[in-house]
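Please open the model in your viewer and keep the selection tool at hand. The stops below go through it one at a time.

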Number of protein chains: 2
Amino acid sequence: MTVAPTDATAQKPRRTEDKSVRQGQLIEATIDCIARYGITGTTLAKVTEVAGLSLGLVNFHFASKERLFEETLRFVAREHRDQWQKGIGARGLSDADRFLAIIDSFFHPGICSPKKLSVWFAFFGEAANRSTYRAIVEDIDEERHQESMRLIRAIAADQDDMGIDPIFVSLTLEALMDGLWLNMLLYPADFTRERSKAQVRRVLALMFPRQFGTPQTLLNGPAT
Amino acid sequence: MTVAPTDATAQKPRRTEDKSVRQGQLIEATIDCIARYGITGTTLAKVTEVAGLSLGLVNFHFASKERLFEETLRFVAREHRDQWQKGIGARGLSDADRFLAIIDSFFHPGICSPKKLSVWFAFFGEAANRSTYRAIVEDIDEERHQESMRLIRAIAADQDDMGIDPIFVSLTLEALMDGLWLNMLLYPADFTRERSKAQVRRVLALMFPRQFGTPQTLLNGPAT
DNA sequence: GCAATGATTGAATGAGTATTCAGTCGATAG
DNA sequence: CTATCGACTGAATACTCATTCAATCATTGC
């Protein structure tokens with residue numbers, strides 16, 4: 001499902017709108033509600049109130065609350081995928097640049113905002129039981145993991161760092177970023193986007209000193 | 001609150017039991033239900049049914065469902081704390097051994113079982129809004145973080161690895177382990193306890209090659 | 001204009017759920 | 001053996017919330 005952004009140029013709120021507009025409003029409101037009230041406190045009454053729409057619309061545009069939740073998760077998942085794909089898509093980038101772009105995508109303001117992190121972890125918490133949620137997350141994880149591996153292999157081959165295991169590098173950095181996301185969710189004051197990104201780069205420098213190990217100026221201040 | 005384990009020797013179920021026994025049963029059942037149905041699907045009716053107790057008991061032993069949830073989170077948090085404290089408490093351990101014990105505690109079968117991981121992430125998902133949950137998690141995180149830092153500082157001082165930043169090491173490994181927990185929750189078939197533990201040790205070896213960098217035999221098979 | 005179509009509304013419905021509490025039961029003290 | 005007291009029970013209560021749907025309204029094609 002593609003979600004059209006709310007049209008900022010439309011002055012008068014029209015009574016009827018394109019389906020994708022309404023669906024986008026409802027998904028946006030769902031994200032807000034999960035961030036504010038948690039997944040347990042998110043009711044359709046609150047979602048529709050935040051969206052400024054009437055209660056019945058959720059079951060009209062989505063079949064059920066469950067479907068609305070699925071589409072919300074799909075939305076943030078696609079947002080992240082689009083972000084890193086845009087990052088590696090630019091012309092003239094080296095493999096190292098592309099891999100850094102994937103890392104950067106994790107810490108892009110639109111991707112790891114407090115609201116989005118709330119949504120991710122709300123669904124992680126439910127994912128163990130809901131196969132639908134897990135499938136959505138797995139899809140996007142797998143796609144990114146494959147791309148990361150491809151890039152790391154290329155980076156390792158460029159130099160003669162053949163001792164390093166691409167699977168190990170990829171899994172480690174991805175797990176690290178997931179963990180930093182959790183820290184950013186729980187302790188937003190201590191774990192900022194920039195600090196976290198620098199931390200990942202520093203680990204990367206440890207793994208590929210020749211390729212990434214130059215500017216050690218980052219991250220020296222006190223933390224938690 | 002200290003929870004007494006269910007007495008396996010008691011053959012006849014007594015009608016009345018010590019408070020701590022009942023509280024333990026209810027917490028145990030809550031963990032089961034969160035793992036099975038998610039936090040949204042966990043009702044008091046299900047919890048008491050799983051516990052084999054009557055509906056009214058939750059509000060008798062805990063003031064409310066909310067309190068039951070808080071005590072459940074506190075219980076798994078204390079379990080983890082007890083685990084690592086027991087690990088570093090043994091006589092005659094080096095600082096390196098103690099730090100490895102903290103790592104091991106994350107991957108102890110009783111600590112990172114699928115059920116316990118479900119509980120952790122269920123609460124993480126809610127923690128952004130519920131200050132009580134966050135406070136419980138923060139408490140235990142902070143205590144462990146301080147101990148880790150102390151040990152890493154000692155390890156770095158032992159050798160002359162003064163270039164390494166203890167804060168960086170501690171935050172990185174903790175985030176990594178959180179991320180591995182998430183992977184173990186979402187993809188239990190691919191991310192086993194032993195494999196994850198080996199992965200952390202490998203990163204540790206990268207940071208302190210002299211102290212931890214010997215047996216490179218671990219983790220070479222294919223993953224996800 | 002004028003239907004026809006489809007989006008929108010929100011009151012009504014009904015299923016489900018936390019909490020209460022009056023009564024039951026049984027262990028223990030005397 | 002009896003009385004007392006506190007644990008225990010589960011039906012009843014008082015909600016909340018997802019879902020439905022008949023009625024309303026705006027748009028579009030004619």
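**Stop 1: DNA strand C**

Select DNA strand C and the 22 residues around it; A:Ser54, A:Gly56, B:Thr43, B:Gly56 and B:Ser64 come nearest. A residue is near a strand if its C-beta atom, placed from the backbone, lies within 6 Å of it. Two or more residues of this surface come from each of α1 (19-37) and α3 (57-61) of chain A, and α2 (44-51) of chain B. Helices are DSSP runs (H or I, at least four residues), numbered from the N terminus. By class, the surface near DNA strand C has 7 nonpolar, 8 polar and 7 charged residues. Asp, Glu, Lys and Arg count as charged, Ala, Val, Leu, Ile, Met, Phe, Trp, Tyr, Cys and Pro as nonpolar, and the others, Gly among them, as polar.

This is a predicted model: local features need pLDDT of at least 70, side-chain atom pairs count only at pLDDT 80 or more, and totals for chains, interfaces and linings use all residues. Residues are numbered from 1 along each chain as its sequence is written, while chains are lettered from A and ligands numbered from 1 in the order in which they are written.

**Stop 2: DNA strand D**

Next, select DNA strand D. Of the 23 residues around DNA strand D, the nearest are A:Thr43, A:Gly56, A:Ser64, B:Ser54 and B:Gly56. Here α2 (44-51) and α4 (65-89) of chain A, with α1 (19-37) and α3 (57-61) of chain B, each give two or more residues. The surface near DNA strand D divides into 7 nonpolar, 8 polar and 8 charged residues.

**Stop 3: a helix contact in chain A**

Finally, select A:Leu117, A:Ser118, A:Trp120 and A:Phe121 in α6(A), which meet A:Trp181, A:Leu182, A:Met184 and A:Leu185 in α8(A). Residues are in contact if their C-beta atoms, placed from the backbone, lie within 7 Å. This contact of α6(A) with α8(A) has 7 nonpolar, 1 polar and no charged residues.

Technical notes. Contact = placed C-beta atoms within 7 Å.
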